[in-house]
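Reader: Could you walk me through this model and tell me what stands behind the terms?
Author: Gladly; here is the structure.

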Amino acid sequence: MFVARSIAADHRDLIHDVSFDFHGRRMATCSSDQSVKVWDKSENGDWHCTASWKTHSGSVWRVTWAHPEFGQVLASCSFDRTAAVWEEIVGESNDKLRGQSHWVKRTTLVDSRTSVTDVKFAPKHMGLMLATCSADGVVRIYEAPDVMNLSQWSLQHEISCKLSCSCISWNPSSSRAHSPMIAVGSDDNSPNILAKVQIYEYNENTRKYAKAEALMTVTDPVHDIAFAPNLGRSFHILAVATKDVRIFTLKPLRKELTSSGGLTKFEIHIVAQFDNHNSQVWRVSWNITGTVLASSGDDGCVRLWKANYMDNWKCTGILKGNGSPVNGSSQQGIFNASLGSANTSFQNSLNGSFAGRKQS
Amino acid sequence: MEKMARVTTALGGNTITGRTMFCHLDAPANAISVCRDAAQVVVAGRNIFKIYAIEEEQFVEKLNLRVGRKPSLNFSCADVVWHQMDENLLATAATNGVVVTWNLGKPSRNKQDQLFTEHKRTVNKVCFHPTEVYMLLSGSQDGYMKCFDLRKKDSVSTFSGQSESVRDVQFSIRDYFTFAATFENGNVQLWDIRRPDRYERMFTAHNGPVFCCDWHPEDRGWLATGGRDKMVKVWDMNTNRAKEIYCVQTIASVARVKWRPECKHHIATCSMMVDHNIYVWDVRRPFIPSAMFEEHKDVTTGIVWRHLHDPYFLLSGSKDSTLYQHIFKDASQPIDRANPEGLCYSLYGDLAFAAKESLISSDSNRKPYIGDRRHPIFFKRKLDPTEQFEYISSSSALSVFETDVESGSMDWFVRTAKQYVLAGRPLAELCDHNAAVAKELDRNQVAQTWTMLRIIYSSPGTVSSANLNHSMGKGSASLPLMNSFNLKDIQSGMGSESRLDRSKGESRPENILMDSSSTLINNDENEETEGSDVPADYLLGDVEGDEDELYMMDHENPHAEEQEYILPQEAFPLRHEIVDNPSALDHLQDKADSPHVSGNEAETVSLTPVESFSLISISHSLYENRLPPDFFSPIVRDMLLFYAEQGDVQMTVSVLIVLGDRIRKEIDEQTQEHWYTSYIDLLQRFQLWNISNEVIKLSTCRAINCLNQASTTLHINCTNCKRPMSNKGWICDRCRQCASMCAVCHHVVKGLFVWCQGCSHGGHLQHIMKWLESSSHCPAGCGHLCEYT
């Protein structure tokens, strides 16, 4: 199903984040060795490192691409309490010949007084905006008013989350019916039962972000959070990496009911919860259509989750970090377990033939 | 504070216990120093000079050395040091350039002992000789270092660095005669105390001032230096040229460095500005501190390990007027919060995965490194401290999992987008074409939907079976054919026993279909036996087919279910007037006599059983109820919503465009716009610009339609006179010639015109591409080296 292609990353410390660009042709990695590397995919599918440079004076936690409409732009955030915006310079013929590209720092965002743990560009339709969150529990939203000038960013909003933040995710929906929304996860591990996932929504009337929801059921440290690509759905899907993988759906309730308050109310359902990693889950990532979720945990495996037609999420694949597939994983995901008893035998026969074919 | 447990360290009879604690000082501290017995600490600053006893639970003030009603500047200290041999002897560096010694053994209140007023400017540092009781060294802003014998009134020797101000002086711990001095210009000098005329050695250690240095307590050759360039460097001084062996990058300029006792590779640092934390680094892992103390609210000015041989207690003074005792157990460890993995899904379904090598090593039995995040390694006391911090190899493995075409890849999306025809032909043809496209990609549910749309919205008479066959023939024809034979068998009662059984029992097939959602078929008497049976049979047929079709089953059922789930809505009144082709009704009536004929003979040949099933049942109902196409609008609307919720916005938008006005009014503008923007965004991700533009053009939403009309300006120059052309067309108003001539074939270009922005010459895309393969010069012969990006 998957072919693993190992890449000699040559980072001198842990890699903390990997990020594909909008078109899936480029990849950026960031590491504790304070550098960011950019990888370009060649015609034959190999990944070549075309740039590697020191970005921060501390561990670089996250790297993320801006929409290409704004140029080849990266943002990184670091333990050194800053976030930075980088742009690729074209036309440097000397570098081009060596197959290297040149990246220059356009701005440094220095508002945080603690480690900046995540940085994410807002969906394109909102303009050139980015959000950062930091260990002291502040989410900051910056905007570049002039998209041609990447060195001018103004701090638009500061949201205090009270809890040390570890990750953020923008709601990618481009619908006018959905106001800008950001989910924040906290890795606060003090023994309290505060909700570790908070959702903030932009209120047109007050022009501020206000807390719309808190996922009260998530009380363990959250390491990653990701909204699924929306693609015309009326509701939102949110994946949370905590001690297990959780998938929530957020259905906005009708506007008429909530227009008085200004904030949208959501009907929140947990649709899946998996502890198959048997340990901390570190990362979650959605495929482009928001139908498959990949998660990775302390067990060193990547697991793929997919919903069947009954909206039952099942594991459809396990990938070992070194590329070897784990056996016996993909079968159960295909069939719906809740089919009635009337056709159990039928289903068995199906299973049988299926398994038989697997072996052959 | 409950979590801050008490820690006890046994040090050869001398026991240190304590917890993380602090006390408020009256004024900001500039420096601190501990007594040899680790029981007292002196804090010095511009307005403070006090000795505190370090007790188990708290600091207790023992002595205030600032006495007198109007303290002189001599009390204002830049640095303080407590003699490690004589616990009554202290020295301070006063901000007015005086070096003062203090004798705690004095009976009077004023403990001031000796004054050396030899430096002309502030003294930055004082340092006692580690083994010689009477020898004191000072380094000053004036660029001189002086060595004092406390038994004499004046300095015994003066060392001129002959560079800038001295920031730090430190006697070597092992070499009796050697000391190191650091300078504001980035240099480090090594001196022999016996040779005041000239330094032994000098090297440039940092970019900018070197604020501090510290000799390694065990390894005689190692000197650590910290500078404004935010670096901590470890130098091996044993060789002829000082060799940099480690370099730690911190996040702010380094004010103090102190080797951690008993841990060869650990060093504590604090910063001069911005950063208030104290970090302990393992120099072998120079990027991320192994421990961090975050208690101070302002710049930390002094750090000192409480005992020479105890690695767990650290004292610090700060500008925030507090004195802290830090315990290692309470330190935060940034690496524990650091994410050891990175994961990202690419557009094409590839997965990039980076993980700490120890997590993914195939040897799962290997013991994880003992410093696991839940068990801080510092407190496994049985181990020797130096062993505890065994170097952890910390690297990640990066790999990309590439999907093949059959599974997770998005190939289907691209191919579908390219092959779908959305406009320009009769509806039935569009539907058939798109159904064929979907079929070819094994997306049977989608294909079926297209077919049903054709049946719903176009009159059956307009579709020739030949057309159908043609389009279906492109797909994998064998399987549908086989299935449709199965279907016929059943219908004629020639199937296997079990099949027959099922097709005869009225209730059982319903169970099969509807168990998962028992409310679905409720009162639908129209549902024929064979109709409900076929999906089950279809499943069987599917198993015989290729593996991927199993997936299809997942999609298939909800769809069937969806369709039927919707049926009860018939009861609701129609929202809209019937607007389009009433002729369809006539056709239906005409054809109504023989729906089965057309269903079975002409069309099932090329359709999957489910298709024919739905075909039969729907045409059946059409026949029975004579329903207008608008009757299906709610169903179709829900079908669109269904696809959108399933993440297949491509289908939603394609159907929306193909059906156009037939369905548009059923869906509110905002939702449509959302679908369009989502689909366009997806197309652009896949760099399918032409298709995205086509979708924009075909969309009926105003907000979408204007997308490709905004900020699209072409700047063109006339190929003859090279002047900018007006926007009126391709005729240059100066030279009255057509500007859009192809430089290769000399014909007027209609369609895609490409030109070099340097010389304005260009032509047919194909021609220019061909030309550029052989030559990089302009085809017009102007000599320009054309550049196309």
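Author: In S15(A), Ser186(A) is the bridge partner of Cys165(A). This is a predicted model, where local features need pLDDT of at least 70 and side-chain atom pairs pLDDT 80 or more, while totals for chains, interfaces and linings use all residues. Residues are numbered from 1 along each chain as its sequence is written, chains are lettered from A and ligands numbered from 1 in the order written, and side-chain values use heavy atoms, without hydrogens and water.

Reader: What makes S14(A) and strand S15 of chain A a pair?
Author: Two strands (DSSP runs of E, at least two residues) pair if DSSP finds at least two bridges between them. S14(A) and S15 (residues 181–186) have five bridges, in the antiparallel sense, so they meet the definition.

Reader: Why is one side of S14 and of S17 of chain A left without a neighbour in the sheet?
Author: The open, antiparallel sheet runs in the order S14-S15-S16-S17 (chain A). S14 (165–170) and S17 (208–214) stand at its edges with a single partner strand each, so one side of each has no neighbour there.

Reader: What makes a set of residues a nonpolar core?
Author: Its members are buried (under 20% relative accessible area, 1.4 Å probe, protein chains only) Ala, Val, Leu, Ile, Met, Phe, Trp, Tyr and Cys residues joined through side-chain atoms within 4.5 Å. The largest one here has 56 residues, and Trp450(B) and Phe413(B) are among those touching the most other members. Helix H17 (649–659) of chain B is one of the elements giving two or more residues; H17(B) gives the most, with eight.

Conventions. Helices (H or I, at least four residues) and strands (E, at least two) are DSSP runs, numbered from the N terminus. Buried means under 20% relative accessible area, exposed over 50%, partly exposed in between (1.4 Å probe, protein chains only).
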